[in-house]
Amino acid sequence: MFGRTIFYTRTGSAIRTVVNGVMALIVFLMAHTATAAQNEHSHSHSHAHSKEHSKQRLKQDLQLLNATVRATKPGMSSSAAYMTIQNGTDKALQIRSLTSPVAKKTELHTTEMNNGMMKMRRVDNLTINPGDEVELKPGGYHVMLMGLKKPIATNSKVPVTITFSNGEKKTVVAHAMDEIKGQHMAH
Ligand SMILES: [Cu+2]
């Protein structure tokens with residue numbers, strides 16, 4: 001469809017149209033790559049849409065990204081997982097509940113300074129507005145894995161499932177690491 005726009009233009013605005021066409025093609029390719037990876041059915045749709053629509057298609061999704069979990073050391077009965085939660089839908093979503101097969105209990109926590117002490121607190125129904133993302137990271141929000149059924153070995157994979165207020169359940173596989181970026185903040 002972009003090629004056709006260029007061929008029809010024989011006026012002084014031809015160059016601009018070509019530039020627009022190239023931009024549209026880049027946006028299209030980005031949208032195409034991103035959506036093809038997660039959403040098979042959007043593949044065919046993106047061909048028919050304008051560049052504005054392609055941009056929107058990129059965001060029409062709820063995604064759990066870049067998940068990591070702290071590998072345990074002997075004697076640790078709990079651990080924390082981190083990730084980015086992107087609400088690409090057009091509705092505000094709340095985190096309702098969390099589960100992981102490695103833990104007896106899984107909760108969303110936040111870390112707060114309280115009288116000079118770092119304290120963790122359970123958070124229920126955290127809201128993520130449409131188009132927003134929440135970063136779970138050391139020193140802030142995290143997935144608390146309590147009552148671990150076995151140690152979490154370095155480089156192992158730990159699934160975490162989050163249920164959202166729209167009923168959607170998303171599972172991400174967190175990569176177990178000894179050191180997590182920003183980890184010093186939690187100490
Ligand atoms: Cu915690």
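Q: Which residues is Leu136 in contact with, leaving aside neighbours within four places in sequence?
A: In this predicted model, Leu136 is in contact with Tyr82, Met83, Tyr141, His142 and Val143, once its neighbours within four places in sequence are set aside.

Q: Where does Leu136 lie?
A: Leu136 belongs to strand 7, residues 133-136.

Q: Is Leu136 buried or exposed?
A: Leu136 counts as buried because it has 23 C-beta neighbours inside 10 Å, and the cut-off for a buried residue is 20 or more.

Q: How far apart are Leu136 and Leu108?
A: Their C-alpha atoms are 9.3 Å apart in space, while 28 residues separate Leu136 and Leu108 in sequence.

Q: Back to Val143: what does Val143 touch?
A: Not counting residues up to four places away in sequence, Val143 touches Ala80, Ala81, Leu98, Thr106, Leu108, Leu136 and Val160.

Q: Which residues have the most contacts inside the largest nonpolar core?
A: They are Ala81, Met83, Val143, Leu145, Val158, Val160 and Ala174, in a core of 27 residues. At least two residues of this core come from each of strand 1 (62-70), strand 2, strand 3 (93-99), strand 4, strand 8, strand 9 (157-164) and strand 10 (169-177).

Q: Which strand gives the most to this core?
A: Strand 2 does, with five residues.

Q: Turning to pairing, how many bridges join strand 2 to strand 8?
A: Strand 2 (residues 78-87) and strand 8 (residues 142-148) run antiparallel and are joined by four bridges. Ala80 stands opposite Met144 of strand 8.

Q: And how many bridges join strand 4 to strand 8?
A: Six bridges join strand 8 to strand 4 (residues 103-114), and this pair runs antiparallel. Here His109 stands opposite His142 in strand 8.

Q: A change of topic: what is the phi of Asn115?
A: Phi of Asn115 is near 50°, a positive value in a residue other than glycine. Most residues other than glycine have a negative phi.

Q: Where is Asn115 found, and why does Asn115 count as exposed?
A: Asn115 is in the loop between strand 4 and strand 5 (117-122). Asn115 is exposed because 5 other C-beta atoms lie within 10 Å, and the cut-off for exposed is 12 or fewer.

Q: What about the phi of Asn125?
A: Phi of Asn125 is near 60°, also positive in a residue other than glycine. Asn125 lies in the loop between strand 5 and strand 6 (127-128), and Asn125 is exposed, with 10 other C-beta atoms within 10 Å.

Methods:
Residues are numbered from 1 along each chain as its sequence is written. This is a predicted model: local features need pLDDT of at least 70, side-chain atom pairs count only at pLDDT 80 or more; totals for chains, interfaces and linings use all residues. Two strands pair if DSSP finds at least two bridges between them. A nonpolar core is a set of buried Ala, Val, Leu, Ile, Met, Phe, Trp, Tyr and Cys residues joined through C-beta atoms within 7 Å. Two residues are in contact if their C-beta atoms, placed from the backbone, lie within 7 Å.
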